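Student: I have a model open and would like to learn how to read it. Could you take me through some features, one at a time?

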Amino acid sequence: MPREIISLDDLTVNNVGVFKKINSVTLPTTYPEQWYKDSLTDQLVKIAFYAELPVGAIKARAINFSAKQSYEAISSSPSASSSATASSDTTPKILPNAVYIESLAVLKEYQGLGIGGKLLDFIIEETKRRYIHEVVLHVSTENSKAIDWYLKKGFTKKEEVKDYYKEQGLSQPDAIILSLSV
Ligand SMILES: CC(C)(COP(=O)(O)OP(=O)(O)OC[C@H]1O[C@@H](n2cnc3c(N)ncnc32)[C@H](O)[C@@H]1OP(=O)(O)O)[C@@H](O)C(=O)NCCC(=O)NCCS
């Protein structure tokens, strides 16, 4: 299948509704309105199109955490808005040292076609362009399909974060941190 059929585009006021829809039908987590509002000014957001149909999306942000801190210190439970939790926002003089993937989703019918890989590649390239050397994310410990997918992409498992998804009401609220050196 030719990969040119997949293209990425910026998030705009015109397609933010599509972004919400893709996340809501694909991910077990929900995000507040402010999170979507913030997405319009974030640079690390892309919508993926398959034959011009919007079918996937990724959102990430540059963060900073001290090497002394645990990965658990990345306080970014999906129910909180990124502006309230991003350490890079509250301490603007500290340079980011990781790019944190907040959401990545591809509609079920379009999975396995290279769309998620293309969205991830965009984030990896943007991470390198910022001279940052790590991509990190939380994923539910029970989402073995996504964990295996990230492991295949070269990510490694870090700490488990107990109750990370508790406020989201997931039956298994624990998350695992996955990290990729780039
Ligand atoms: C995880 C997800 C984003 C992957 O996107 P995708 O478009 O299906 O992935 P791609 O088509 O780009 O990946 C294809 C590659 O992954 C491999 N792959 C697919 N499923 C896999 C699995 N369960 N385990 C390991 N590898 C897998 C394929 O073999 C293929 O490898 P290749 O590139 O070497 O040929 C998508 O499945 C998804 O949205 N899942 C539901 C939401 C979710 O769990 N998001 C992640 C939580 S943050």
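Student: Where is Asp-163 found?

Tutor: Asp-163 is in the loop between strand 6 (156–161) and strand 7. Helices (H or I, at least four residues) and strands (E, at least two) are DSSP runs, numbered from the N terminus. Before we go on, a word on the numbering and the model. Residues are numbered from 1 along each chain as its sequence is written. The model is predicted: local features need pLDDT of at least 70, side-chain atom pairs count only at pLDDT 80 or more, and totals for chains, interfaces and linings use all residues.

Student: What is the phi of Asp-163?

Tutor: Start with the general idea: most residues other than glycine have a negative phi. Asp-163 is not a glycine, yet its phi is positive, about 60 degrees. Glu-52, also not a glycine, has a positive phi of about 70 degrees, and it lies in the loop between strand 2 and strand 3.

Student: Is Glu-52 buried or exposed?

Tutor: For that we count neighbours. A residue is buried if 20 or more other C-beta atoms lie within 10 Å of its own, exposed if 12 or fewer, and partly exposed in between, with C-beta atoms placed from the backbone. Glu-52 is exposed because it has 9 C-beta neighbours inside 10 Å. Asp-163 is exposed too, with 11 other C-beta atoms within 10 Å. Over the protein, 33% of the 182 residues are buried.

Student: In what order do the elements of the protein run?

Tutor: From the N terminus on, the order is β-α-α-β-β-α-α-β-α-β-α-β-β, with six helices and seven strands.

Student: Which residues are buried in helix 5?

Tutor: An α-helix has 3.6 residues a turn, so residues three or four places apart point the same way. In helix 5, the buried residues are Ile-115, Gly-116, Leu-119, Leu-120, Ile-123 and Thr-127. These residues are on the same side of helix 5 because they cover an arc of only 140 degrees around the axis (taken from the directions from the helix axis to the C-beta atoms). The face turned away from that buried side carries the exposed residues Glu-125 and Arg-129.

Student: What covers the buried residues of helix 5?

Tutor: The cover includes strand 1 (6–9), strand 2 (45–50), strand 3 (53–63), strand 4 (98–106) and strand 5 (134–140).

Student: Which residues does Ser-179 touch?

Tutor: Two residues are in contact if their C-beta atoms, placed from the backbone, lie within 7 Å. Leaving out residues up to four places away in sequence, Ser-179 touches Glu-134, Val-136, Phe-155, Thr-156 and Lys-158. Ser-179 itself sits in strand 7 (residues 175–181). Ser-179 and Glu-134 are 45 residues apart in sequence but 6.8 Å apart in space, C-alpha to C-alpha.

Student: Which residues come nearest to the ligand?

Tutor: A residue is near a molecule if its C-beta atom, placed from the backbone, lies within 6 Å of it. Of the 20 residues around the ligand, Gln-111, Gly-116, Gly-117, Ala-146 and Asp-148 come nearest. Strand 4, helix 5, strand 5 and helix 6 (144–152) are the elements that give two or more residues to this shell. Helix 6 gives the largest share, five residues.
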